[in-house]
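Here are some notes on the model you asked me to look over.

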Amino acid sequence: MLYLVQAMNLDLSTPDGKGTFTITAIGQREDTMTVYMEGKVEGYGFVTLTHEYEHIPRGDCGDRSGGTVTGTAEAILEGGGIVSTPHMGTFTRDGSKMKVFFADYVTNGDQNFVRFEVDLIDKQSYVSFWSLR
């Protein structure tokens, strides 16, 4: 059986869209932190989302410097329609600052590579995305 794979290059210096979120709530349970955010994203309008960050310890030190993220987002588009998407990826954490990476699949057929930069102290998050289609 022969499979053809086409390589895809992403220029991470020029995202297809950006947005800013305000963190509205943070919850902590064992090794999982739940973060609720809302804000505006270019091309998607007003977005609300919930992310669960599960820390993965490295060795015996109990380090909380990274792990996995899962969640969902729902957008109210400028024209009034609604789309949603699941999120699943990874994150790194350095004190109150986090970098989050995942691919999403939006119910309108969009598929994006997404990067969040989260500041837990300032309760702000900045998102950039690149279309994979």
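1. A salt bridge here is a side-chain nitrogen of Lys or Arg within 4 Å of a carboxyl oxygen of Asp or Glu. The model is a predicted one, and the rule gives two salt bridges in it. One of them joins Lys97 to Asp119, with 2.6 Å between the closest N and O atoms. Lys97 belongs to strand β6 (residues 97–105) and Asp119 to strand β7 (residues 111–119), so this pair ties together parts that are 22 residues apart in sequence.

2. Asp119 counts as buried because its relative accessibility is 8%, and the cut-off for buried is under 20%.

3. The other salt bridge is between the side chains of Arg115 and Glu117, at 3.7 Å from N to O. Arg115, at 23% relative accessibility, counts as partly exposed. Glu117 falls in the partly exposed class too, at 35%.

4. Asp119 deserves a paragraph of its own. Besides the salt bridge to Lys97, the side chain of Asp119 has a polar atom 3.0 Å from the backbone nitrogen of Ile121. Leaving aside residues up to four places away in sequence, Asp119 touches Ile23, Ser96, Lys97 and Gln124.

5. How do the strands that hold the Lys97–Asp119 pair run relative to each other, parallel or antiparallel? β6 and β7 pair in the antiparallel sense, over nine bridges. Within this pairing, Val100 has Phe116 of β7 as its bridge partner. The two strands make a hairpin with five residues between them, and Gly109 in that hairpin takes a positive phi near 100 degrees.

6. β7 also pairs with strand β8 (residues 124–131), antiparallel and through eight bridges. Glu117, the partner of Arg115 in the salt bridge at 3.7 Å, stands opposite Tyr126 in β8. β7 and β8 form a hairpin with four residues between them. In its turn, Lys123 has a positive phi of about 55 degrees.

7. Taken together, β7 has β6 as an antiparallel partner and β8 as another. Asp119 lies in this strand, and its listed contacts include Lys97 and Gln124. Lys97 belongs to β6, while β8 covers residues 124–131.

8. How many cavities of 30 Å³ or more does the whole structure hold? The search finds one. About 220 Å³ of space lies in the largest cavity. Its lining is made by 20 residues, and the closest to the centre are Tyr44, Val47, Thr85, His87 and Asp104.

9. β6, β7 and β8 each supply at least two of the lining residues, as do β3 (45–55), β4 (66–76) and β5 (82–94). The largest share comes from β5, with four residues.

Terms used:
Residues are numbered from 1 along each chain as its sequence is written. This is a predicted model: local features need pLDDT of at least 70, side-chain atom pairs count only at pLDDT 80 or more; totals for chains, interfaces and linings use all residues. Side-chain values use heavy atoms; hydrogens and water are left out. Buried means under 20% relative accessible area, exposed over 50%, partly exposed in between (1.4 Å probe, protein chains only). A polar contact is a pair of N or O atoms within 3.5 Å; within protein, one must be able to donate a hydrogen and the other to accept it, and residues adjacent in sequence count only if both atoms are side-chain atoms. Contact means heavy atoms within 4.5 Å. Two strands pair if DSSP finds at least two bridges between them. On a 1 Å grid over the protein atoms alone, a cavity is a set of points where a 1.4 Å probe fits but cannot get out, and a pocket is an open set with protein on both sides within 12 Å along at least five of seven lines; lining residues have an atom within 4 Å of a point. Grid points are joined across faces, edges and corners, and a volume is the space filled by probe spheres set on the points.
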